[in-house]
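Let's sit down with a new structure and learn to read a few of its features together.

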Amino acid sequence: MQRYIAWRLVLIAPTLLVACTLVFLVMRILPGDITFVIFGDVAVNPEAREFLRDELGLNDPLHVQYGGWLWKMVNGEFGGHSLESDEQIASMIGRQLPVTLLLTVYTVFFSIFISVPFGILSAVLEGRWPDRFIRAITLGGLALPHLLVALLLLLGLLLFFEWSPPIIYYPPWVNPWSHAQLMIWPTLILTWECSSHLVRVIRSSMLDVIRQPYVVTAQSKGLSVYRVIVWHVLPNVMIPLLTMVALQVGTLIGGVLVLEIIFGLPGLGRGFVQAAISRDYPVVQSLAVFLIFVSLIINLLVDVMYRFIDPRISYSG
Amino acid sequence: MVILASCVREAEPVLPKGNETHGGSLAEARVVITPVTSLTVAHLVDRKEKYGGIMVLANRSDPPAGFDPLRTSSIALHHIAGALFGSGNLVARCRENIYAICPYLATSWTTNAGYTEWDFTIRRNVRWHDGTTFTAQDAKFWFDLAHLQTAIGDRIRAPAYFKGELGDIESVKILEHDRLRITFSHRNPHFLDDLANPRFRLAHPYHLMKPKIEKASMSINPLGVGLVGVGPFVLEEYIKGSVVRVRRFDRYWEKDSGNTLPYINGIDYVVIPDPFVMDVAFRSGRLDGGARGQAHYLTAERKRGYVRGLGKDVFFAEIEGGNFRLAFNMLKSGPWQDPVVRRAIAFWIDKRAAIPAALGGFGWTAPDLGPSHILVPRHFVNWPKFDTGQLDQKRIIAKYLLDEAGYSSGFSMGHLCRGLNTTPCEFLKAQLADLGIELELQIVDEGEWNRARVSIDYDSQQGRLTPSPIPEGTESVYGRYSGNPDAYAKHEDLRVEELYRKLRGALTFDQRVEDWREIERYLFVEQTYVVPIAESINVIPYRSYVKGLAIPAEDAHTNTDFATVWLEKG
Amino acid sequence: MSSSDHYSRQRPFLAGWFGIVWAMVFHHPVMVLAFLMLPLLTLLLLFPDLLAPYDPVFQNVSERLSPPSSEYYFGTDGFGRDIFSRVVYGARVSFLVGFLAIVIAGTFGVSVGTFSAYCGGKPDLFIQRFIDVLLGFPLLVIVVIIAVAMGPSGKVMIVSIALGLFPQIARLSRASSLAIKESDYVDAARVLGSHPLRIIARHILPNSLPPVLAQIIGYFGVAVVAETAISFIGLGVPPPTPSWGRMIQEGSRHYFEVAPWATVFPGLALSVTVFISVILGDKTQNWVRLKTSPSRKVDL
């Protein structure tokens with residue numbers, strides 16, 4: 001197992017390199033360039049534009065740009081500067097990552113907290129009304145788009161309470177109360193969806209396990225329901241549950257873009273889309289590589305867990 | 001030397017449909033007039049100034065391009081740039097009359113008989129935010145950055161995007177007694193009008209930027225030197241993606257009837273990209289004023305929500321926003337080459353319907369300049385052939401004209417559409433569909449739109465919405481394509497060039513109006529290179545306790561310094 | 001978990017592939033209902049004007065923002081266009097995008113995943129790394145980059161969503177095939193000298209495919225939601241073609257309070273679509289589990 005993990009870690013470097021190249025090339029295919037965005041909605045004489053392109057290094061041959069960027073990735077600058085705002089990319093990520101990360105952590109935490117008891121309840125009371133009720137709610141969580149829920153929520157808060165969440169994001173160590181007032185809403189919406197996934201996983205794997213012979217045996221030996229659940233069922237549920245959690249984390253980190261826009265959270269999703277639309281190549285490239293890196297790590301964890309579950313699968317892969 | 005002072009008549013707000021004479025021809029202005037020393041808001045009587053308070057405003061996005069006004073005209077920057085860098089440069093548009101020019105960082109100026117040499121006297125006791133005195137050196141530095149390409153070794157710094165609007169500057173020299181001389185290669189009688197553009201702001205302190213440029217840090221921008229400006233507010237904090245906080249600059253030069261400005265202690269500009277979110281924030285009391293920018297200006301429906309929720313606690317600034325139009329590419333072959341076809345389209349479009357459908361419910365039908373413009377005479381509504389008559393009748397004529405031109409079965413025409421706001425495009429498409437013309441919408445993002453606008457790749461487009469206080473300046477959008485790539489309609493009609501030359505040579509005000517009308521007639525009626533549809537109005541909400549706002553008649557980039565604002569919170 | 005031929009051993013009424021599909025579809029009343037609705041749905045998608053009373057792009061500015069009534073079932077939007085008709089036509093866009101995206105992603109994903117699992121060794125490693133790279137991009141990120149690069153359009157969206165879903169399907173398919181590959185049955189076939197393609201088609205795929213198919217049905221909902229999110233940002237199918245995401249954006253931005261029907265109805269249509277997709281996916285998933293372990297009666 002250790003060898004497998006070490007081998008996978010080593011493989012990350014070439015994978016990232018391939019990813020870098022792919023992203024770099026895709027961005028360069030794009031028509032239009034960032035000088036049009038920087039100059040705003042005013043027409044500029046072509047010389048001025050050419051001068052700016054020179055300034056930004058956009059007229060250098062492709063391999064020079066590529067090499068330069070790769071070097072900047074490795075030497076700690078993490079890709080250099082944003083073309084649009086001249087900010088260091090490392091500081092950009094440093095600024096945006098905590099926001100998205102906090103939202104992810106809150107969501108996962110609340111989701112696990114909610115879904116474990118409800119999932120167990122749902123499985124144990126299978127077919128009865130609490131189970132049906134919980135299943136209905138989880139269906140809602142999966143079907144309703146975040147977007148609509150967020151908009152309705154904001155409108156509702158305004159019309160019924162004449163209140164809206166704070167408009168400026170503060171990290172929790174600066175202004176915890178304002179932070180909480182703002183973050184609770186996207187967290188709730190995301191938790192609804194995430195815990196829906198988790199409840200379903202818990203429920204279905206619990207139901208799988210409950211039927212297993214050894215559980216029936218344990219019960220017939222006179223162990224209390226509680227002991228059976230905790231000592232025999234839950235351990236088998238944990239692994240698919242954690243697998244699903246890992247998958248959800250991967251989705252959350254890049255996928256909460258819409259909510260970030262609506263609630264004004266200066267996170268990775270929003271930053272990425274804005275950079276892509278502006279053709280801010282270095283930012284898009286670096287952020288993409290960063291996201292892939294995170295995902296590779298998560299995938300590694302998931303794969304390791306898969307092998308835990310099913311030892312028959314050989315390590316030759 | 002003819003001594004010219006600023007063309008300030010006694011400050012008089014210009015009211016739409018009024019019949020006061022816009023007296024004062026250019027000839028009359030060759031008289032010595034005591035320069036006005038401050039931008040007094042002379043007509044607010046019985047006001048109780050109150051110092052203090054922080055105003056919270058929404059902003060459309062983070063200011064782009066490192067806060068550099070030489071690089072961008074985006075309102076996302078200029079909403080904030082006014083507070084940091086002031087509302088003008090050497091001159092500025094007067095607060096109470098946007099069509100007049102007031103001194104700002106220069107106290108007076110003279111020009112020679114040929115209008116090729118302009119001398120400015122720099123105001124004393126103006127300070128940068130770090131305490132350094134503002135001198136003619138700073139002014140020269142800024143002009144050089146704006147119109148010259150700076151090169152050190154093989155690193156280049158591009159001139160400002162608006163270089164062309166300054167005219168062809170030959171040299172900028174510092175004279176004794178802190179004066180600046182700008183010399184042009186050709187006559188430039190309208191230099192002040194061009195210079196008094198609120199987008200041209202000084203954000204480049206010589207003592208901070210020059211050393212950086214010497215060290216070949218060519219792309220240094222105001223953000224890179226800490227946003228040191230000469231405006232009424234100084235930067236306190238900038239959290240990217242969230243908020244820009246500015247606070248009162250204690251050594252700001254401007255006074256208002258003896259009171260030092262600004263009145264308020266500071267402004268927090270909060271970044272809110274989504275207009276609905278802004279509405280929610282405003283109506284729950286978290287904002288004192290709305291954001292500026294296309295999507296954020298209120299529509300009639302959203303305004304109703306504000307009124308319903310806040311009633312008397314909110315008031316609305318209404319600023320003329322620019323004309324919505326359909327412009328043709330005359331350099332591309334197609335059915336629109338025939339003026340009869342263009343005329344038919346002009347008759348067909350239901351201009352009044354554009355206002356609720358495409359302009360958010362606020363606007364008026366106008367050829368180009370709105371009713372409050374000084375060049376618009378009293379009979380503005382009766383402008384020849386513009387939007388008079390019943391729509392049904394006009395449509396009959398349109399169909400007839402189109403048949404005459406041989407296109408009774410219609411045709412298809414491409415249309416460049418800005419992705420940021422496709423509503424006007426959809427409106428046009430639906431309108432023309434009934435005439436049998438298929439308008440193919442080609443939707444592009446911001447980067448491509450900025451490129452495509454100035455190219456001749458598209459059959460038709462709308463152009464930008466920006467209004468223009470200077471009719472002479474409209475040549476850059478109505479003139480020949482070869483000299484004006486950003487022109488709405490792409491044509492090479494020499495007659496248009498001739499007409500603008502005539503306009504620039506006008507010696508009396510009435511002549512100026514006549515010449516402008518002739519241009520309008522030629523452009524919109526005879527040739528119909530452009531179909532003007534309707535003038536939009538930008539509506540910005542403010543809480544009622546926000547007093548002292550200088551709301552310009554047009555151009556929302558103006559007066560964003562908020563120096564005369566106070567908060568009357570009981 | 002028994003690794004024998006779960007499905008073909010059952011010897012359904014009709015043999016082979018057709019039998020498997022038949023069994024999958026008809027094992028539950030809900031699935032039957034969905035199956036019967038399919039021709040109706042196809043008809044509606046091909047001929048929306050059967051259901052939609054108005055032209056979805058016809059602007060009637062004087063009737064703008066009217067509330068739901070007998071004339072306009074869902075009310076009208078800011079241009080006076082009938083929202084009911086737009087929802088019906090918008091379904092065409094969403095369903096087409098969703099369906100084609102999962103078909104493309106499914107085809108490529110299953111092929112690559114199964115092939116990779118079967119080959120093992122170096123090709124498997126190589127392909128796995130490639131999949132990992134693609135997996136690293138969250139779905140929306142891929143779609144945004146490609147939409148920005150190629151300009152917004154229906155085709156671009158289908159391709160980019162397919163690209164985003166493909167790695168997950170490939171991964172799943174590979175894992176599923178791996179488990180089958182190790183079974184004795186397959187080993188036996190290999191020893192007997194069967195051609196690899198035959199082994200894949202006859203033994204591996206029939207067993208590895210159903211769980212993947214069940215997931216793919218669920219992905220239909222994901223694809224439709226992705227289309228909506230992209231349209232909301234403004235990179236989706238260009239106007240005036242109606243699309244649910246765009247309708248939600250227009251409605252919420254300009255007249256949410258005054259005319260909530262312009263936003264809510266497309267949102268509901270979206271929710272119902274995802275809901276159905278999830279249920280169908282569940283039922284199929286359920287059937288799969290049923291088959292792999294007859295002792296359980298698991299009902300999701």
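A: A polar contact is a pair of N or O atoms within 3.5 Å; within protein, one must be able to donate a hydrogen and the other to accept it, and residues adjacent in sequence count only if both atoms are side-chain atoms. By that rule, 7 residue pairs are in polar contact between chain C and chain B, both residues at pLDDT 80 or more. Helix α9 (residues 244-254) of chain C gives the most to the side that touches chain B, with 5 residues; helices are DSSP runs of H or I with at least four residues, numbered from the N terminus.

Q: Before we go on, what kind of model is this, and how are its residues numbered?

A: The model is predicted: local features need pLDDT of at least 70, side-chain atom pairs count only at pLDDT 80 or more, and totals for chains, interfaces and linings use all residues. Residues are numbered from 1 along each chain as its sequence is written, chains are lettered from A and ligands numbered from 1 in the order in which they are written, and side-chain values use heavy atoms, with hydrogens and water left out.

Q: How many residues of chain C are in contact with chain B?

A: Contact means heavy atoms within 4.5 Å. Here 22 residues of chain C meet 22 residues of chain B.

Q: What is the count of salt bridges between chain C and chain B?

A: Look for a side-chain nitrogen of Lys or Arg within 4 Å of a carboxyl oxygen of Asp or Glu. Chain C and chain B have 5 salt bridges between them. One of these pairs Arg308(B) with Glu257(C), whose closest N and O atoms are 3.4 Å apart.

Q: Which cysteines form a disulfide?

A: A disulfide is a covalent bond between the sulfur atoms of two cysteines. The rule used is a pair of cysteine sulfur atoms within 2.5 Å, and it gives 2 disulfides over all chains. Cys94(B) is joined to Cys102(B), S to S 2.0 Å, and this link is right-handed, with 105° about the S-S bond. Cys417(B) and Cys425(B) also have their sulfur atoms 2.0 Å apart; the torsion about their S-S bond is about 100°, so this disulfide is right-handed.

Q: Are Cys417(B) and Cys425(B) buried or exposed?

A: Buried means under 20% relative accessible area, exposed over 50%, and partly exposed in between (1.4 Å probe, protein chains only). Cys417(B) is buried because its relative accessible area is 0%, and Cys425(B) is buried at 1%. Cys94(B) and Cys102(B) are buried as well.

Conventions. Helix = DSSP H or I, 4+ residues; strand = E, 2+ residues; numbered from the N terminus.
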